[in-house]
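User: I would like to learn how to read this fold feature by feature. Please give the general idea each time, then the case at hand.

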Amino acid sequence: MQPVDLVIFFTFLLIVVIVLTTVYAFIGGVPYVPTSRSIARDMVDVARLKGTERVFDLGAGNGRILIEAKRKHPGLTATGIELAPTVWLLGLITIFLSRVKVRFLRGDARKVDLRDADVIFLYLSGGLLGELESKFDIELRPGTVVISHAFRFPRRQPVEVVKLDRWSGKKTVLRYVW
Ligand SMILES: C[S@@+](CC[C@H](N)C(=O)[O-])C[C@H]1O[C@@H](n2cnc3c(N)ncnc32)[C@H](O)[C@@H]1O
């Protein structure tokens with residue numbers, strides 16, 4: 001294979017990855033924007049975990065929030081759900097390299113069984129948050145903690161709003177108790 005063929009191949013691959021990621025951002029209604037490591041750590045702190053809970057990240061991206069949660073509390077059972085195949089693959093690789101144990105599934109957050117969830121992390125917006133709010137009302141056990149980066153549910157009020165001042169700007173982490 002000539003170097004020029006390799007350049008063409010990787011350019012084509014990059015275009016496929018970008019197109020697929022964009023298509024799934026439209027299907028899911030939320031694009032892939034990762035939470036920074038420092039905010040992920042703050043989200044874990046705001047969850048005030050005991051260390052043995054079943055935690056989920058719906059729309060888990062590269063799995064960073066769950067990786068940070070497991071690093072701080074190795075006894076957690078962590079499950080990530082990610083819709084976009086390209087982002088899911090990135091998450092699988094990131095989790096493999098981090099060497100923490102996280103179950104990382106490709107699927108739709110709206111269709112996951114959350115009845116045994118203790119804590120749910122989210123960085124999702126728009127209509128999807130409204131849909132999840134209705135699903136949570138039906139499915140979550142009373143006392144389930146939901147930690148949302150930046151975005152509020154349309155109807156439910158947070159029990160705590162944490163404002164963070166970071167070099168990248170002002171951030172908000174919201175704590176809900178169902
Ligand atoms: C803003 S990113 C947040 C990623 C990660 N939670 C973080 O904070 O770094 C939202 C992610 O949700 C995914 N997503 C969108 N709709 C989804 C759905 N219905 N089910 C599962 N994942 C979804 C997107 O592909 C994207 O990776």
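User: Leaving aside its neighbours within four places in sequence, which residues is M43 in contact with?

Analyst: Two residues are in contact if their C-beta atoms, placed from the backbone, lie within 7 Å. By that test M43 is in contact with I65, F121, I147, H149 and V173, neighbours within four places in sequence set aside. Two ground rules apply. Residues are numbered from 1 along each chain as its sequence is written. The model is predicted, so local features need pLDDT of at least 70 and side-chain atom pairs count only at pLDDT 80 or more, while totals for chains, interfaces and linings use all residues.

User: Which residues of the largest nonpolar core touch the most other members?

Analyst: In soluble globular proteins, nonpolar side chains tend to be buried together. A nonpolar core is a set of buried Ala, Val, Leu, Ile, Met, Phe, Trp, Tyr and Cys residues joined through C-beta atoms within 7 Å. Buried means 20 or more other C-beta atoms within 10 Å of a residue's own; exposed means 12 or fewer, and partly exposed lies in between. The largest core here has 39 residues, and M43, I120 and I147 touch the most other members. Helix 2 (37–47) and strand 4 (119–122) are among the elements that each supply at least two residues of this core. Helix 2 gives the most, with six residues. Y32, L83, A84 and V87 belong to a second, separate core of five residues.

User: How are the elements numbered, and in what order do the seven strands form the sheet?

Analyst: Helices (H or I, at least four residues) and strands (E, at least two) are DSSP runs, numbered from the N terminus. Two strands pair if DSSP finds at least two bridges between them. The sheet is open, with the order 3-2-1-4-5-7-6 and mixed pairing. Strand 3 (103–106) and strand 6 (160–166) are the edges, each pairing on one side only.

User: How do strand 5 and strand 6 pair with strand 7?

Analyst: Strand 5 (residues 145–149) pairs with strand 7 (residues 169–177) in the antiparallel sense, over five bridges. There H149 stands opposite V173, and V146 stands opposite Y176. Strand 6 is also antiparallel to strand 7, over seven bridges. V161 has L174 as its bridge partner, and D165 has K170. Strands 6 and 7 form a hairpin with two residues between them.

User: Which residues come nearest to the ligand?

Analyst: A residue counts as near if its C-beta atom, placed from the backbone, lies within 6 Å of the molecule. The shell has 27 residues, and G28, T35, G59, G61 and Y123 come nearest. Helix 1 (3–28), strand 1 (54–58), helix 3 (64–72) and strand 2 (77–82) each supply at least two shell residues.
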